[in-house]
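Visitor: I am new to this structure. Could you walk me through some of its side chains?
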Amino acid sequence: MEILSILTGIGLSAAAGFRVFVPMLIMSLAAYNGYYKPAPGFEWLGSEVALVCFGAATVTEIAAYYIPWLDNFLDVTVAPVLAPAAGFLLASSCLGQMPPAIKWSLIIMAGGVAFGVQAATTSARAVSTAATGGLANPIVATSELAGSAALSFSAIMMPFISIIALTFFIGFLIYKKSKRKTI
């Protein structure tokens, strides 16, 4: 059971790198409806108040990423701070009783995963903006939203699948980066 909790926490943290509030809303929905039980001390994530707050934050975040200048502003200023913080919170809420050194190492790693995914999406948005003058940014925003939602659902329902998807995503980024250097 510990392995599934770890995989769920890492998967949700990675999803926070795409969109900060989508995985928090999905976890809150899952907890509220009894599909997921957060670790002790994080039961509040399944409350109606959390559901409303995360819902409002998610709608605001999604809308903001469809405004061309605002999406880049958020990617450079707010998201690099909020994505790791969300990763820390999401991982913490998944990890139950385990030795503190292991638990905190995993929580810190989860924040790093969220930051890494967020940095990759910032790069993609910068390339999109430079190549299309921002016209393709709504496509990037929709892809990030879909990635965050899919990864969040799979992290909760099928944690092994989310880690496989995350591994392919990281492999793809490494492949693309290595191709760029050889040309």
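Guide: Let us begin with a term: a residue is called buried under 20% relative accessible area, exposed over 50%, and partly exposed in between. Please note also that this is a predicted model.

Visitor: How does I161 count, then: buried, exposed or partly exposed?
Guide: I161 has a relative accessible area of 45%, so this residue is partly exposed. I161 lies in helix α8.

Visitor: Which residues form the nonpolar patch on the surface?
Guide: The patch is formed by Y35, M157, M158, I161, I164 and F168. Together they have about 690 Å² of accessible area.

Visitor: And which helix gives the most to that patch?
Guide: That is helix α8, residues 159–182, which contributes 3 residues.

Visitor: Changing topic, how many aromatic pairs does the structure hold?
Guide: The structure holds 1 aromatic pair. The ring centres of W44 and F54 are 6.5 Å apart and the planes are at 45°, so the pair is tilted.

Visitor: Where in the chain are W44 and F54?
Guide: W44 is in the loop between α2 (22–32) and α3 (48–64), while F54 is in helix α3. The two are 10 residues apart, and the pair links distant parts of the chain.

Visitor: Is F54 buried or exposed? And what about W44?
Guide: F54 has 8% relative accessibility and therefore counts as buried. W44, at 40% relative accessibility, counts as partly exposed.

Visitor: One last thing: what lies over the face of Y65?
Guide: R19 does, at 3.8 Å from the ring centre of Y65.

Note on methods. Residues are numbered from 1 along each chain as its sequence is written. This is a predicted model: local features need pLDDT of at least 70, side-chain atom pairs count only at pLDDT 80 or more; totals for chains, interfaces and linings use all residues. Side-chain values use heavy atoms; hydrogens and water are left out. Rings of Phe, Tyr and Trp (its six-membered ring) pair if their centres lie within 6.5 Å; planes under 30 degrees apart count as stacked, over 60 as edge-to-face and the rest as tilted. Helices (H or I, at least four residues) and strands (E, at least two) are DSSP runs, numbered from the N terminus. Buried means under 20% relative accessible area, exposed over 50%, partly exposed in between (1.4 Å probe, protein chains only). A charge sits over a ring if NZ of Lys or CZ of Arg is within 6 Å of the ring centre and within 35 degrees of the ring normal. Patches are made of residues with over 30% relative accessible area and no salt bridge: like charges are joined within 9 Å, nonpolar side chains (Val, Leu, Ile, Met, Phe, Trp, Tyr) within 5 Å. Accessible areas come from the Shrake-Rupley method with a 1.4 Å probe; for residues, only the protein chains shown count as cover. A salt bridge is a side-chain nitrogen of Lys or Arg within 4 Å of a carboxyl oxygen of Asp or Glu.
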